[in-house]
Amino acid sequence: MPLQNKDVTDALLFSQFKKGNERAFTHYFELYYAALVGFSKQFVYDEDQARGVAQEAFVNLWVNRNLVDKPAGIKSFLYTSAKSKCLNLLKHEKVVRKYHDKTLADKERNLNLEVLHALDFDSFGLLELEETIAHLITELPEQTQLIFKMKRIEHKKNLEIAEELSISVKTVEAHMTRALAYLRASLIDYLPAFLIALILK
């Protein structure tokens, strides 16, 4: 029966995913990523920020894949992880000033309804991975480290960085290329290559 064949395929994909198979993970990424971005965008209202939320949810899924017991749990995990991130963003000081308390409470209630039947994965974090990335950044040459932080943490443009440090834009680009290459090579043991490329692009 076609349904039985689908069940077998789903079970096989899930089994491979649990073992760390990148192709299986890519399947779930392609299946849920766009919808997860759309879900997140309803609450953070920014395309780039919504993509960041979705990307972090997939990183969280990969890091904690051993905690997902069945195929249906993948969607629950992703949406609950995205929910938690959205709430954290909404509670950030700058956003709290923009939205008054009632609006924030309404958004939180709506998010909770979206994942009413999901298992509670809120406590699952990316602490180990974040610590690894933070450590890798400290291993970069001092100026490369500074430029990377200005670009990725302070979100400054290449021209702004160049003017502030009295260097050329090409020098800024060279430092960023060096930093990203080092991080990609160092993170390959932690995440699938395509997900690293997505996060560090």
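## Basis

Buried means under 20% relative accessible area, exposed means over 50%, and partly exposed lies in between (1.4 Å probe, protein chains only). The model is predicted, so local features need pLDDT of at least 70 and side-chain atom pairs count only at pLDDT 80 or more, while totals for chains, interfaces and linings use all residues. Residues are numbered from 1 along each chain as its sequence is written, and side-chain values use heavy atoms, with hydrogens and water left out.

Arginine 152 belongs to helix α8 (residues 142-152); helices are DSSP runs (H or I, at least four residues), numbered from the N terminus. Arginine 152 counts as partly exposed because its relative accessibility is 25%. Its C-alpha is 9.7 Å from that of methionine 176, which is 24 residues apart from it in sequence.

Glutamine 145 is also in α8. With a relative accessible area of 17%, glutamine 145 is buried. Leaving out residues up to four places away in sequence, glutamine 145 touches Ile137, Thr138 and Leu140 (contact: heavy atoms within 4.5 Å).

## Packing of α8 on α10

The axes of α8 and helix α10 (residues 169-187) come within 9 Å and cross at roughly 90 degrees. Axes are lines fitted to C-alpha atoms, for helices over the stretch in contact, with angles from 0 to 180 degrees between N-to-C directions. The two helices are therefore roughly perpendicular (65 to 115 degrees).

On the α8 side the contact involves Gln143, Thr144, Ile147, Phe148, Lys151 and Arg152; α10 supplies Val172, His175, Met176, Arg178, Ala179, Leu180 and Leu183.

How values were computed
Parallel < 35°, antiparallel > 145°, perpendicular 65-115°, else oblique.
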